[in-house]
Amino acid sequence: MPSRQPAAPATGVAAPATVLQLLTDAYPDARVELDATNPLELLMAIVLSAQTTDERVNQVTPELFATYRTAADYVAADPADLERILGPVGFYRQKTKAVQAVAAALVERFDGEVPTAVDDLVSIPWVGRKSAHLLIVGMFGGSALAVDTHVKRLAKRLGWSAQADVGKVETEVAALFDESDLGRLTLTAILHGRRVCTARKPACGDCVLAAECPSAGTAA
Ligand code: SF4
């Protein structure tokens with residue numbers, strides 16, 4: 001089957017290939033910033049990262065991962081022990097329930113292993129397409145677009161998608177790229193959104209995309 005050709009961008013929007021090259025040059029070592037050494041660890045870290053920073057998650061995961069090494073370990077855990085470890089990430093009661101629900105699904109339906117297919121991943125509680133795609137990019141060496149708040153904001157400012165729905169943003173942005181480039185786009189765009197194209201006061205004066213970006217100097 002012939003590979004899909006990226007759609008031509010409309011006029012007045014940033015050229016996708018140019019943006020990706022500039023981002024790649026700016027962040028040549030871009031990676032998922034959640035610390036993890038295996039799929040289960042990254043899946044749990046991604047679940048914990050909701051409504052908090054990667055830095056906070058990275059503070060608690062050394063003890064978490066040392067204590068609970070398998071999905072069955074999480075299922076068997078005393079919730080009070082998990083709540084104590086997860087305290088610093090906030091919403092620790094809810095997140096204790098989340099990691100145990102994720103682990104239970106892995107044990108019951110996937111022999112305790114983290115599946116590699118998106119359809120399987122999104123069938124797990126607390127795991128949506130963004131999380132599934134981030135796992136695939138970060139741990140399985142695949143290429144997929146994970147639309148988090150940074151990617152969504154950057155896509156809007158670059159003129160790639162003004163959709164409010166992240167699923168529609170994913171569809172519109174992914175259509176502009178070869179599928180094999182989506183993982184690199186995900187990793188670099190997340191970093192750029194965190195470090196330069198921030199929600200408030202984006203640093204357009206220091207931005208490598210400024211010459212391409214239709215929002216340069218106007219975004220806030
Ligand atoms: S020029 Fe400004 S609005 Fe455009 S991507 Fe860069 S920081 Fe964001």
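Visitor: Q51: buried or exposed?
Guide: Exposed. In this predicted model, Q51 has 63% relative accessibility, and the cut-off for exposed is over 50%, so Q51 counts as exposed.

Visitor: Where does Q51 lie?
Guide: In the loop between α2 and α3.

Visitor: What about phi of Q51?
Guide: Phi is near 60° for Q51, which is a positive value in a residue other than glycine. Most residues other than glycine have a negative phi.

Visitor: And D111, what is phi there?
Guide: Near 55°, again positive in a residue that is not glycine. D111 is found in the loop between α6 and α7, which covers 118-121.

Visitor: Is D111 buried or exposed?
Guide: Exposed, with a relative accessible area of 73%.

Visitor: Switching to helices. Which residues are buried in α5?
Guide: L82, I85 and L86 are buried in α5, which runs over residues 79-86. Down the axis of α5, its buried residues fall within an arc of 90°, so they line one face of the helix.

Visitor: What do those buried residues pack against?
Guide: Four helices: α2 (39-48), α3 (54-67), α4 (71-76) and α6 (92-110).

Visitor: Take I85. What is its relative accessible area?
Guide: 6%. Buried means under 20%, so I85 is buried.

Visitor: Which residues is I85 in contact with?
Guide: V60, E63, L64, T67 and Y68, leaving aside neighbours within four places in sequence.

Visitor: How far apart are the C-alpha atoms of I85 and T52?
Guide: They are separated by 15 Å. Along the chain, I85 and T52 are 33 residues apart.

Visitor: Now H133. Where does it lie?
Guide: In helix α8, residues 129-139. H133 counts as buried, at 5% relative accessibility.

Visitor: What is H133 in contact with?
Guide: V118, A144, L145, A146 and E170. That list leaves aside the neighbours of H133 within four places in sequence.

Visitor: On to the ligand. Where does it sit?
Guide: In the largest cavity.

Visitor: Which residues surround the ligand?
Guide: L154, R157, C197, P202, C204, C207, A210, C213, A216 and A219.

Visitor: How many of the shell residues are nonpolar, polar and charged?
Guide: Nine are nonpolar, none is polar and one is charged.

Definitions and conventions. Residues numbered from 1 in each chain as written. Predicted model: local features only at pLDDT ≥ 70, side-chain atom pairs only at ≥ 80, totals over all residues. Heavy atoms only, no water. Near = heavy atom within 4 Å. 1 Å grid on protein atoms, 1.4 Å probe; cavity = no way out; pocket = protein on both sides within 12 Å on 5 of 7 lines; lining within 4 Å. Sits in = over half its atoms within 2 Å of the grid points. Nonpolar A, V, L, I, M, F, W, Y, C, P; charged D, E, K, R; others polar. Buried < 20%, exposed > 50% of the residue type's maximum accessible area, 1.4 Å probe, protein only. Helix = DSSP H or I, 4+ residues; strand = E, 2+ residues; numbered from the N terminus. Arc of directions from axis to C-beta. Contact = heavy atoms within 4.5 Å.
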